[in-house]
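This report describes selected features of one protein model. Please keep the sequence and the structure in view while reading.

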Amino acid sequence: MTLRLVETALEGARQAGAEVEVVDLASLRIHDCKGCGACYKTGRCPQDDDFGYVMGRIAAADGVVLGSPAYFDSVTPRMMTLMDRMSDAIHCQRLRGRYGCSVCPAGTGGEGRVVGYMNGFLVACGASVTGGTGAALGSDPGAIDRAAEAAHAMGMDLAAAIREKRVYPDQADRHRAIMKWLRCRIVANKEPWAHDYFYWAQQGWLLSD
Ligand SMILES: Cc1cc2nc3c(=O)[nH]c(=O)nc-3n(C[C@H](O)[C@H](O)[C@H](O)COP(=O)(O)O)c2cc1C
């Protein structure tokens with residue numbers, strides 16, 4: 001059901017003029033984050049797996065649709081592992097100027113919380129969130145078709161937001177607050193987070209508020 005909602009959202013984006021691509025985490029090998037901090041120091045993770053490929057596809061995109069079923073009121077371990085491995089993408093705000101949205105099918109409920117969780121992650125990476133679609137499918141045979149319709153509209157709107165470079169003032173405030181907090185952390189950790197410090201200096205983000 002998750003793949004159906006992701007593919008339907010992408011079909012909406014495609015019909016609105018975007019080039020689209022599905023990256024299915026279930027077919028990839030992404031190891032757990034070891035918390036070693038090497039990415040903060042060097043800009044790359046020393047683990048040899050498919051993370052670099054996924055991060056490359058995300059970094060090359062103007063927009064991203066995250067999808068996960070509700071597992072115990074949260075995302076799946078696979079999605080959580082991807083998010084953990086992307087902590088340097090938060091430090092370096094790799095999705096700044098990009099757009100995103102999320103889809104979540106659930107059995108009995110909690111889909112709104114899971115969509116909110118994934119969207120919160122996108123904002124933490126610097127992206128602007130354009131929407132979210134979730135549905136509890138358990139006892140309602142029509143729910144998946146309604147969710148697919150909403151996902152299609154959401155995909156079209158994602159492509160429109162990218163095209164218009166849409167601004168979301170409340171999210172811009174949140175981005176500024178995240179940047180302020182990150183600036184303090186990166187300056188305080190100049191040596192262990194040498195790559196992040198260098199990247200922030202290159203971007204001219206260390207001085208301005
Ligand atoms: C391990 C596991 C945990 C789940 N936890 C929840 C949950 O907390 N709330 C819920 O409504 N559904 C839960 N479900 C049901 C799934 O979210 C639901 O069946 C979803 O449609 C599966 O998506 P998929 O078809 O893409 O795998 C759980 C399913 C599994 C296998």
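This is a predicted model: local features need pLDDT of at least 70, side-chain atom pairs count only at pLDDT 80 or more; totals for chains, interfaces and linings use all residues.

Residues are numbered from 1 along each chain as its sequence is written, and side-chain values use heavy atoms, with hydrogens and water left out.

**The ligand**

The ligand is surrounded by 13 residues, where a residue is near if one of its heavy atoms lies within 4 Å. The closest are Thr 2, Ala 70, Phe 72, Thr 108 and Gly 109. By class, this shell holds eight nonpolar, four polar and one charged residues; Ala, Val, Leu, Ile, Met, Phe, Trp, Tyr, Cys and Pro count as nonpolar, Asp, Glu, Lys and Arg as charged, and the others, Gly among them, as polar. The table lists polar contacts, that is, pairs of N or O atoms within 3.5 Å.

| Residue | Protein atom | Ligand atom | Distance |
|---|---|---|---|
| Thr 2 | polar side-chain atom | oxygen | 2.6 Å |
| Asp 73 | backbone N or O atom | oxygen | 2.9 Å |
| Gly 107 | polar backbone atom | nitrogen | 3.0 Å |

Taken alone, the ligand exposes 650 Å², of which the protein buries 63%; accessible areas come from the Shrake-Rupley method with a 1.4 Å probe.

Helices are DSSP runs of H or I with at least four residues, strands are runs of E with at least two, and both are numbered from the N terminus. Helix α7 (residues 143-164) has 22 residues and spans 31 Å between its first and last C-alpha, close to the 32 Å expected at 1.5 Å a residue; the expected span is 1.5 Å times one less than the number of residues. Its buried residues (under 20% relative accessible area, 1.4 Å probe, protein chains only) include Ile 144, Met 154 and Leu 158. Their cover includes α1 (2-15), β1 (63-67), β2 (99-106) and β3 (128-136). Just after α7, Lys 165 takes a positive phi of about 50 degrees.

In helix α4 (residues 77-85), Met 79, Thr 81, Leu 82, Met 83 and Arg 85 are buried. These residues pack against α3 (51-59), β1, α5 and α6 (111-124).

His 91 lies in helix α5 (residues 87-91) and counts as buried because its relative accessibility is 8%. Leaving aside neighbours within four places in sequence, His 91 has contacts (heavy atoms within 4.5 Å) with residues including Tyr 40, Trp 193 and Asp 196.

Asn 189 is found in the loop between α8 (169-188) and α9 (194-203), and is buried at 17% relative accessible area.

Key. Buried means under 20% relative accessible area, exposed over 50%, partly exposed in between (1.4 Å probe, protein chains only). A polar contact is a pair of N or O atoms within 3.5 Å; within protein, one must be able to donate a hydrogen and the other to accept it, and residues adjacent in sequence count only if both atoms are side-chain atoms.
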